[in-house]
Amino acid sequence: MRILFYLILFSALSTGVLNAQNKTVKAYLNDRQFLAPGEGNYIEIQLNVVGYTLEYITEENKTYGELEITHIFLKDEEVVSYNKYILESPEVIDSLVEDFYDIRRFLLDPGTYSYELYIRDLHSENEAISVNRTVRIEDYTKGISISEICPAETIRKADPDQPTIFTKTGYDVIPMLTNYYPTELEWLPYYFEVYNTETGYDDSVYVVEQKIVGQNNKVELEKYNRYFRFRASEMQPVAKVIDISLLPTGTYNIEVNVLNRDKQVIASSRFMFDRNNTEEVNNLAYESVTLDPAFEESIPMDSTGYYVASLIPISRAGEVKNIIQLLKKKDNQLNKRYLQAFWKATSPESPFESWMQYKVQVQQVQRLYATNYQVGFETDRGRVYLQYGQPNQISSVPSSPSEYPYEIWQYDKINQFSNKRFVFYNPMNLNNDYRLIHSDMIGEIQNYRWKYMLNKRNTPDKDLDDPFGSGYRDHFGGNSSLYFNSY
């Protein structure tokens, strides 16, 4: 992946950001190229602004920042595309600022261009930051071709009635503006498009091949090979996700290829990424474990499967697969041995004490969050509680004139991450069934339209040009934004 720039690290406490002076804007920028059938080739400029690096003003009880953004494309020193506009940040409440995205698309003929970007904080005395680079626009109109691969934080089906800046041919694609995947990220979602198979292909159905190949040794990791069949069409969007929880540390390429009947590659695209996987999944040698009497007595014989399954929220993806295989055996003694082996590996200094503490937590989430069809640890709130611990703050709104029942959980610290929030809601308004709708914790679901979804119960006026609210407007009884930003 190409990172165009990463501008000026600036360290500041979020509680003091509004008083800081002369901060320099920090932003991540990347680009991806696609084809709009019937219109032409275009480049998508993806910008992620780090909120605390802006200067903010307060007008009419609203605190916000403003950036002047300028995009310029030149060919042979002549300006062929130009866009200058003001980008307003999300509103700041209680000194808590949010990062935000801006995505712009530019139709350009195939060829080589000089691209210039200028970002100026309208409320800072600093000069505009800028980047200048050469870009080459590919021609996807001739023959079968594949767009650039766009790695994503999340991909989900788009609401056709509520498009956002992230919407792309039926999907909302939140771009991942880095090619670095640490241990905490166990999934790699990505998006691409295939063009012109209806005219450049003899068959009505074609195959797209997915591979992961080592960047340096060119070794193909066959267990990641996948094949997807599609009907020939002018344009086919493709959204996929790869489980990289067991992918060893290294540099790799995701390759996607269109194959013909003879399995020859007729179009190809690739994306390079770095994986740092410092934790190895421990395939526990539990079958030969000698049971400690204390462990054995602590696990009722009729609940061994229940307590083994309760480990899933605190297990990595590879361990979850091992647990599922174990549960299929329905062997109470093996279940007990696995529990003991798990806690000896997880907490070698005090395995029994750690197990008993966790057992109390499992029983706690069962009392608080179980529904009539899910045990406590299977629910979203139960899983989050067990995985991250008890939240520091909970804002619970069981009834609202305009919103579904919801809860917002706030954690001061999760591992190396600070001030992380989880939003749960109950769209059925029954059965204690609260579902996770949005979180700013890495690796969790991120839904930038969560306030709109809460408000679907009432549906206020909509503004399809609002990328941050996607239809949401402050209204009587609608306090979710206030609660979310109050931490």
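Biologist: Which strands each supply at least two residues of the lining of the second largest pocket, and which supplies the largest share?
Modeller: This is a predicted model, in which local features need pLDDT of at least 70, side-chain atom pairs count only at pLDDT 80 or more, and totals for chains, interfaces and linings use all residues. Residues are numbered from 1 along each chain as its sequence is written, and side-chain values use heavy atoms, with hydrogens and water left out. With strands taken as DSSP E runs of at least two residues, numbered from the N terminus, β18 (226-231) and β19 (235-243) each supply at least two lining residues. The largest share, 4 residues, comes from β19.

Biologist: How many nonpolar, polar and charged residues does the lining of the second largest pocket have?
Modeller: A pocket here is an open set of points on a 1 Å grid over the protein atoms alone, where a 1.4 Å probe fits, with protein on both sides within 12 Å along at least five of seven lines, and lining residues have an atom within 4 Å of a point. The lining includes R226, F228, K240 and D243. By class, it has 5 nonpolar, 2 polar and 5 charged residues.

Biologist: Which residue in β25 is the bridge partner of F422?
Modeller: Strands pair if DSSP finds at least two bridges between them, and β24 (residues 417-425) has 8 of its 9 residues buried, meaning under 20% relative accessible area with a 1.4 Å probe and protein chains only. Strand β23 (residues 406-414) pairs with β24 in the antiparallel sense over 8 bridges, and there W409 stands opposite F422. Strand β25 (residues 435-439) also runs antiparallel to β24, joined by 4 bridges, and in β25 the partner of F422 is S439.

Biologist: Which residue takes a positive phi in the hairpin of β23 and β24?
Modeller: The hairpin has 2 residues between the strands. The positive phi, near 55 degrees, belongs to N415.

Biologist: What is the mean pLDDT of the protein chain, and over which residues is the pLDDT below 50?
Modeller: The pLDDT is the predictor's confidence in each residue, from 0 to 100, and the chain has a mean of 85, with 87% of its residues at 70 or more. Over residues 1-21 the pLDDT is below 50, although this stretch has 58 contacts (heavy atoms within 4.5 Å) beyond near neighbours in sequence. Where pLDDT is low, the predicted coordinates should not be read in detail.

Key:
Buried means under 20% relative accessible area, exposed over 50%, partly exposed in between (1.4 Å probe, protein chains only). Ala, Val, Leu, Ile, Met, Phe, Trp, Tyr, Cys and Pro count as nonpolar, Asp, Glu, Lys and Arg as charged, and the others, Gly among them, as polar.
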